[in-house]
Amino acid sequence: MATNTSPVLIGPLPAKGLVSGLALCFQIIVEGWRREHGEPTVINLTGQATVNQVSAGRIQEYASILRQVRSECRRPRTVVYLTMAQSMRGFLRDAAIIHLARRRGHDLVLHLNGGNYGQFYASSPPWLRFLIRWHLRRVRTLIVVSERLRNMFAFDAKVAERVVVVPNALPDEPVENLPVKQINRSVTLRLLYLSNLIESKGYLETLEVVRILRQEHGLPVKATFCGKFLANPSDDVRVRSSAHGEQLFHEFIDQHGLRDCVEFAGQVAGEKKRKALLEHDFLLLPTRYDNEAQPLALIEALAYGLVPITTDYRANPDVVVDGVTGHLVDWRDSSRMAAIIAEYCKNPGAFSAVSAQGMRRFREQFSRDAHLARMFRLLEPAM
């Protein structure tokens with residue numbers, strides 16, 4: 001049973017066929033609270049209706065969520081924790097929750113697992129910008145995942161004062177006593193793409209890396225793509241829909257004769273994800289995704305000793321120190337990504353050194369226990 005002093009936790013939980021970094025981050029907090037403090041009060045924002053479309057089903061789900069919030073806010077004063085949205089519809093939902101909680105005198109802790117709030121605010125009409133400022137000034141704490149993302153709230157000094165930084169953590173318990181990874185030129189190189197297949201996250205560029213390694217460097221290579229095909233109209237260039245993205249993926253494979261060295265595994269979790277991380281050498285995520293903040297896949301790569309190759313974008317450099325725990329590249333430069341991998345084949349000792357440094361950085365900066373300790377301190381009611 002949840003006690004009257006436990007927080008109300010509001011956010012999306014992973015669902016079958018719908019797993020996101022935001023949902024995994026929220027699940028860490030829910031499960032951590034359950035393990036250390038007992039059953040929490042949880043309001044799940046994951047619905048069955050199409051998330052990015054206005055529909056009768058989605059309106060009914062929002063109405064149900066607000067009824068749950070209103071009911072829970074009748075309890076004695078506590079902390080209401082809410083994962084933040086970065087869109088107008090999402091903000092209006094957040095604003096309603098903030099209003100209901102503040103009416104009952106609850107402290108509000110908002111958590112942004114994204115990196116696009118500043119652009120969302122800047123592109124909003126004046127009336128919406130006023131509402132954003134007014135509501136965020138009534139929040140006790142705003143959590144972001146990196147010092148690099150503090151400036152998203154520079155649009156209002158009073159709001160900026162409420163910002164604190166808590167880096168992300170590994171979604172699953174790590175495997176204990178993992179050895180440092182090693183590679184061998186004569187053995188097939190294993191590349192992993194572990195994120196939803198959105199055009200701006202770089203899955204098409206990753207396919208080009210596979211082609212270059214095989215056809216231009218003559219290296220044995222196997223690439224596994226784990227995730228769900230999704231469209232993101234706000235920054236898609238080539239992809240018109242999730243089905244079109246999947247079509248482009250398979251057309252590229254067939255056009256370049258890569259069917260025998262590319263596997264699409266769909267969404268993976270639990271033991272399947274751990275197995276993928278254990279069996280691969282490099283993680284590729286050349287992202288420029290507009291909602292990106294600090295991808296969990298990069299933290300997972302460090303924890304399991306993979307060498308990550310990603311972009312100097314948002315909070316990625318907090319995880320991947322260029323040339324030390326991985327590599328930062330331009331998202332368009334598939335040739336450079338392939339060259340980095342090919343160079344490691346000539347110097348496998350350097351690969352193992354980077355793998356070891358990444359595992360060390362994970363233990364020092366992104367452990368689950370340190371993350372939860374910071375979060376739980378912020379979820380304590382103010383005296």
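Mentor: Start with a term. A pocket is an open set of grid points with protein on both sides within 12 Å along at least five of seven lines, and its lining residues have an atom within 4 Å of a point. Keep in mind that this is a predicted model.
Trainee: Okay. Which element gives the largest share of the lining of the second largest pocket?
Mentor: Helix α13 does, with 3 residues. Both α10 and α13 supply at least two residues each.
Trainee: How much space lies in that second largest pocket?
Mentor: About 180 Å³.
Trainee: And which residues line the second largest pocket?
Mentor: Among them are Leu302, Ala303, Met359, Phe362 and Arg363. Pro174, Val175, Glu176, Asn177 and Leu178 are on the list too. By class, the lining has 7 nonpolar, 1 polar and 2 charged residues.
Trainee: Back to the two helices. At what angle do the axes of α10 and α13 cross?
Mentor: Roughly 115°, and the axes come within 7 Å. Helix α10 covers residues 296–303, and α13 covers 348–365.
Trainee: Which residues meet there?
Mentor: From α10, Ile299, Leu302 and Ala303. They meet Gly358, Met359, Arg361 and Phe362 of α13. The residues of this contact divide into 5 nonpolar, 1 polar and 1 charged.
Trainee: New topic: the sheet. What is the strand order?
Mentor: It runs β9-β8-β7-β10-β11-β12, in an open sheet of 6 strands with parallel pairing.
Trainee: Which strands are at the edges?
Mentor: β9 (262–266) and β12 (327–329), each pairing on one side only. On average, neighbouring strands are turned by 25° against each other, direction ignored.
Trainee: How many bridges join β8 and β9?
Mentor: There are 4, in the parallel sense. For Phe225, the bridge partner in β9 is Phe264.
Trainee: What does α7 touch on the sheet?
Mentor: Helix α7 (residues 203–215) packs against β7, β8, β9 and β10. Its direction makes about 170° with that of β8.
Trainee: Last one. Where is Leu18?
Mentor: In the loop between β1 and α1.
Trainee: What is Leu18 in contact with, leaving aside its neighbours within four places in sequence?
Mentor: Thr46, Gly47 and Gln267. Thr46 is 28 residues from Leu18 along the chain, yet their C-alpha atoms are separated by 8.6 Å.

Definitions and conventions: Residues numbered from 1 in each chain as written. Predicted model: local features only at pLDDT ≥ 70, side-chain atom pairs only at ≥ 80, totals over all residues. Heavy atoms only, no water. Axes fitted to C-alpha atoms, helices over the stretch in contact; angles between N-to-C directions. Contact = heavy atoms within 4.5 Å. Nonpolar A, V, L, I, M, F, W, Y, C, P; charged D, E, K, R; others polar. Pairing = 2+ DSSP bridges. 1 Å grid on protein atoms, 1.4 Å probe; cavity = no way out; pocket = protein on both sides within 12 Å on 5 of 7 lines; lining within 4 Å. Points joined across faces, edges and corners; volume = space filled by probe spheres on them.
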